[in-house]
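Here are my notes on this entry, point by point. Please read them with the model open.

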2 protein chains.
Amino acid sequence: MTTILLDCDTGIDDALAILTAALSDEIDLVGVGCTWGNTDVDQAVRNTHHLLSMIGRADVPVARGAAGPLDGTTPTFSPHVHGDDGAGNVGDISHVPVVADESAAELLIRLSHEHPGTLHVVAVGPLTNLALALQADRSLPERVGHVTIMGGAALTPGNVTAAAEANIWHDPEAAQLVFEAPWEMTMVGLDVTMRSILTEEHRARLAAGGPVAQHCARILDYYFNFYTGITGRRCAGNHDALAVAVAAGLVPTTLSPVVHVEVDTSHGPSRGRTIADLRGMWADHPQVPGARHRVVLEIEPGFEDRMVDLILTADQ
Amino acid sequence: MTTILLDCDTGIDDALAILTAALSDEIDLVGVGCTWGNTDVDQAVRNTHHLLSMIGRADVPVARGAAGPLDGTTPTFSPHVHGDDGAGNVGDISHVPVVADESAAELLIRLSHEHPGTLHVVAVGPLTNLALALQADRSLPERVGHVTIMGGAALTPGNVTAAAEANIWHDPEAAQLVFEAPWEMTMVGLDVTMRSILTEEHRARLAAGGPVAQHCARILDYYFNFYTGITGRRCAGNHDALAVAVAAGLVPTTLSPVVHVEVDTSHGPSRGRTIADLRGMWADHPQVPGARHRVVLEIEPGFEDRMVDLILTADQ
């Protein structure tokens with residue numbers, strides 16, 4: 001059983017990550033922090049609480065977090081990818097969420113005290129909330145068991161730019177603070193998430209399920225439309241849920257060297273790049289003294305099928 | 001037959017590139033420009049002329065080029081990789097080279113007039129000489145048929161830093177000028193050169209040959225020592241000769257999309273990175289309008305065997 005605090009910018013693929021974390025018997029989901037990114041933070045809160053309500057898990061606290069990046073610049077969102085509502089334009093924008101009376105950073109700090117050494121933070125949006133928590137409490141890493149992020153790209157191009165993946169690109173300064181902090185981290189980046197593909201077959205199985213599964217099928221319809229421009233066919237990378245799955249051991253990794261990762265916080269063309277020092281690749285990745293960043297490069301395939309099975313249980 | 005001007009910082013693997021270009025029946029080697037990088041420019045000139053003299057090709061003009069990077073900073077060399085003499089500490093430092101009475105940039109411009117539209121420039125060192133030629137004559141790209149470089153890394157780490165490959169890292173500003181210039185370019189980077197491996201078997205075949213082949217075996221001995229720290233075994237990437245081979249069609253490429261490449265000239269952690277916009281990889285690399293940079297990602301194996309065969313002909 002893995003105790004998980006999820007931090008997300010819900011978001012279509014975030015929705016699947018939330019359902020995975022909330023429905024799996026192997027995960028104790030103790031809270032969800034929200035931030036901006038795929039959509040604005042209020043929409044992310046609404047979508048998150050809506051999903052948890054749909055599956056009878058409104059007991060999980062949902063906290064509102066950062067509305068924009070650390071450096072104070074104006075946040076940008078991705079309606080072309082996730083819809084104006086972060087739910088493929090088929091979300092319930094009338095839903096009134098119940099929001100925790102603490103910020104996402106405060107939720108993280110509180111849960112780190114309640115689950116010292118065992119809390120696994122899984123962050124699948126910009127890393128602003130984690131950075132704010134680190135700034136507020138420098139001792140936080142001592143109490144966090146592990147941090148797994150969906151973000152970055154080690155040996156593949158980015159997606160927002162040729163160099164940068166969206167979650168890191170949204171707030172490189174926050175990401176660098178998170179990579180610098182003295183906790184153990186796992187990076188689930190585009191190297192594996194763009195190779196963990198949700199297909200029309202998966203979507204058809206969801207569409208034939210109950211209301212929760214059907215909701216997933218509808219939001220994926222929008223997501224697949226966007227990805228058709230990326231991949232040439234109707235499908236999508238299963239980004240955020242894969243990070244949850246790796247964190248909880250639902251997906252075995254088959255190549256994940258522990259190396260140094262640095263985030264490019266320059267304002268040059270590589271801004272937001274996760275520079276993973278994988279020079280050891282030519283010698284089968286020898287151990288790197290002092291390294292703390294596990295970069296997932298290969299996983300066992302097949303999680304998407306099991307994820308669909310899991311989501312279908314929500315309506316049973 | 002490919003008309004080639006080679007620009008190099010000779011250098012152990014440069015030596016093999018020079019021999020490949022000078023010995024192949026399919027290449028008309030019309031000049032060699034020298035620059036600093038693996039060693040200082042004067043040593044590069046000496047090594048280049050020494051090699052050409054050894055094989056009876058002192059007719060090929062050898063021009064001295066830039067002694068350091070465009071931005072005027074102090075050049076750095078790589079004696080730990082190439083020896084203090086750029087020839088594994090077994091070079092002939094008493095050799096007095098015959099040097100052309102024109103600079104490497106002037107040689108390039110002159111040859112572009114003599115072979116308009118057919119000159120293939122193969123640059124396997126820092127790109128300073130090419131940048132200087134572009135600055136001196138903006139019409140140069142109109143007369144150059146193609147530029148192939150050994151340099152950069154698209155989907156692999158760098159070698160000098162986690163981000164940057166040595167030839168680009170030495171002079172990112174020059175490299176960016178070369179990538180920006182309106183000519184067709186092919187980038188033969190670490191993606192393929194670190195997978196084109198010279199082994200002890202190759203070296204043994206050279207050691208059993210005549211004086212030229214034996215010289216190659218001796219310099220490779222030093223190179224293999226360095227690479228043992230990179231790969232865990234005695235071998236080396238066949239960097240520079242591979243660029244010559246790709247340029248002359250001696251090695252078929254099996255995956256080489258034409259995309260946009262930008263050089264990171266920031267002073268951040270990605271300085272010297274070749275940012276290849278390979279986002280089309282998820283859709284089997286659709287054509288990119290306006291792109292001019294062919295990035296070699298996969299080649300047919302087997303060139304190293306043929307290169308050894310070719311070098312052995314020098315002593316026959």
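1. Is Cys235(B) buried or exposed? Cys235(B) is buried, at 1% relative accessible area. Keep in mind throughout that this is a predicted model. The sulfur of Cys235(B) has its closest cysteine partner in Cys216(B), 17 Å away, which is too far for a bond.

2. The cysteines can be settled quickly. Over all chains, the search returns zero disulfides. Cys34(A) is in no disulfide either, and its nearest cysteine sulfur belongs to Cys8(A), at 5.0 Å. That pair does not count because the cut-off for a disulfide is 2.5 Å. Cys34(A) has 0% relative accessibility and is buried.

3. Next, the interface. Contacts involve 30 residues of chain B and 30 residues of chain A. About 2300 Å² is buried between the two chains, with carbon and sulfur atoms giving 66% of that area. On the side of chain B that touches chain A, the elements giving two or more residues are α11 (211–231), β11 (261–263) and β12 (274–276). That side of chain B divides into 16 nonpolar, nine polar and five charged residues.

4. How many salt bridges are there between chain B and chain A? The count is zero. Polar contacts do occur: six residue pairs across the interface meet the rule, both residues at pLDDT 80 or more.

5. Over all chains, the structure holds 26 salt bridges. The background is simple: side chains of opposite charge can pair when their charged atoms come close. Three examples follow.

6. In chain A, look at Arg203(A) and Glu200(A). Their side chains form a salt bridge, 3.1 Å from N to O. Both sit in helix α10 (residues 200–207), three residues apart, so about one helical turn separates them. Arg203(A) is buried, at 17% relative accessibility. Glu200(A) is partly exposed, at 29%. The pair belongs to a network of salt bridges that links Glu200(A), Arg203(A), Asp221(A) and Arg234(A).

7. In chain B, compare two bridges. Arg143(B) pairs with Asp137(B), with closest N and O atoms 2.7 Å apart. Both of these residues are buried. Asp59(B) pairs with Arg57(B), with closest N and O atoms 3.0 Å apart. Here Asp59(B) is exposed, at 55% relative accessibility, and Arg57(B) is partly exposed, at 21%.

8. Now check the backbone. Most residues other than glycine have a negative phi, and most peptide bonds are trans. The points below depart from that pattern.

9. Which peptide bond of chain A is listed here as cis? The bond from Thr10(A) to Gly11(A) is cis, with omega near 0°. Gly11(A) lies in the loop between β1 (2–8) and α1 (12–23) of chain A. In chain B, the bond from Thr10(B) to Gly11(B) is cis, with omega near -5°. Gly11(B) lies in the loop between β1 (2–8) and α1 (12–23) of chain B.

10. Asn89(B) is not a glycine, yet has a positive phi of about 60°. Asn89(B) falls in the loop between α3 (79–82) and α4 (104–114) of chain B. Its relative accessible area is 43%, which means partly exposed.

11. Asp284(B), also a residue other than glycine, has a positive phi near 55°. Asp284(B) sits in the loop between β12 and β13 (293–295) of chain B. Asp284(B) is exposed, at 70% relative accessible area.

Notes
Residues are numbered from 1 along each chain as its sequence is written. Chains are lettered from A and ligands numbered from 1 in the order in which they are written. Side-chain values use heavy atoms; hydrogens and water are left out. Buried means under 20% relative accessible area, exposed over 50%, partly exposed in between (1.4 Å probe, protein chains only). Contact means heavy atoms within 4.5 Å. Buried area is the accessible area (1.4 Å probe) that two parts lose on being put together, summed over both. A salt bridge is a side-chain nitrogen of Lys or Arg within 4 Å of a carboxyl oxygen of Asp or Glu. A polar contact is a pair of N or O atoms within 3.5 Å; within protein, one must be able to donate a hydrogen and the other to accept it, and residues adjacent in sequence count only if both atoms are side-chain atoms. Helices (H or I, at least four residues) and strands (E, at least two) are DSSP runs, numbered from the N terminus. Ala, Val, Leu, Ile, Met, Phe, Trp, Tyr, Cys and Pro count as nonpolar, Asp, Glu, Lys and Arg as charged, and the others, Gly among them, as polar.
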